[in-house]
Amino acid sequence: QVLLVESGGGLVQAGGSLRLSCAASGRTFSTYVMGWFRQAPGKEREFVARVNWSGGSTYYADSVKGRFAISRDNAKNTVWLQMNSLKPEDTAVYYCAAGRNSGAIMTSYDYWGQGTQVTVSS
């Protein structure tokens, strides 16, 4: 089992920035693809970003391209989501996830964190 714990959420004004962190357990973190998803009230969970095992390949949802950046440090068992130019529609609970061969599809991830709340005010 891989344990994932998100942190860094909070309240920010539109146009501001936040940096989310996801700390992972285990000795095999470097073998996993890591992703970020989000879920707003009353909506389905949606894909945000993912990074491959080396950190050299990233992919983003169209809604966050140019604003968000995902990165990882395997030596620290940590993945980050840097969020810039935040909009009220970015308000959601953000979840990190781990999978052995995963992309934008939620069901392709095997492990999930508990989520961290991000609220963007207008």
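Tyr32 is buried, with a relative accessible area of 11%, where buried means under 20% relative accessible area, exposed over 50% and partly exposed in between, for a 1.4 Å probe and protein chains only. The model is predicted, so that local features need pLDDT of at least 70 and side-chain atom pairs count only at pLDDT 80 or more, while totals for chains, interfaces and linings use all residues. Residues are numbered from 1 along each chain as its sequence is written, and side-chain values use heavy atoms, with hydrogens and water left out.

**Aromatic pairs**

A pair of aromatic rings is described by the distance of the centres and the angle of the planes. Rings of Phe, Tyr and Trp (its six-membered ring) pair if their centres lie within 6.5 Å, and planes under 30 degrees apart count as stacked, over 60 as edge-to-face and the rest as tilted.

| Pair | Centre distance | Plane angle | Class |
|---|---|---|---|
| Tyr32 and Tyr111 | 6.2 Å | 80° | edge-to-face |
| Phe37 and Phe47 | 5.6 Å | 75° | edge-to-face |

Tyr32, in the loop between strand 3 (18–24) and strand 4 (33–39), and Tyr111, in strand 10 (residues 111–112), are 79 residues apart, and their pair links distant parts of the chain; strands are DSSP runs (E, at least two residues) numbered from the N terminus. Tyr111 is partly exposed, with a relative accessible area of 23%. Phe37 lies in strand 4 and Phe47 in strand 5 (residues 46–51), so this pair ties together parts that are 10 residues apart in sequence. Phe37 is buried at 1% relative accessibility, and Phe47 is buried with a relative accessible area of 11%. Phe37 and Phe47 belong to one aromatic cluster with Tyr59, Tyr109 and Trp112.

The charged end of Arg45 sits over the ring of Trp112, 5.1 Å from its centre, and also over the ring of Tyr95, 3.7 Å from its centre; the criterion is CZ of Arg, or NZ of Lys, within 6 Å of the ring centre and within 35 degrees of the ring normal.

**Strands 7 and 8**

Strand 7 (residues 68–73) has a covered face with Phe68, Ile70 and Arg72, and an uncovered face with Ala69, Ser71 and Asp73. Six bridges join strand 7 to strand 8 (residues 78–83) in an antiparallel arrangement, where pairing requires at least two DSSP bridges. Ser71 has Trp80 as its bridge partner in strand 8. Met83, found in strand 8, counts as buried at 0% relative accessibility.

Methods. Helices (H or I, at least four residues) and strands (E, at least two) are DSSP runs, numbered from the N terminus.
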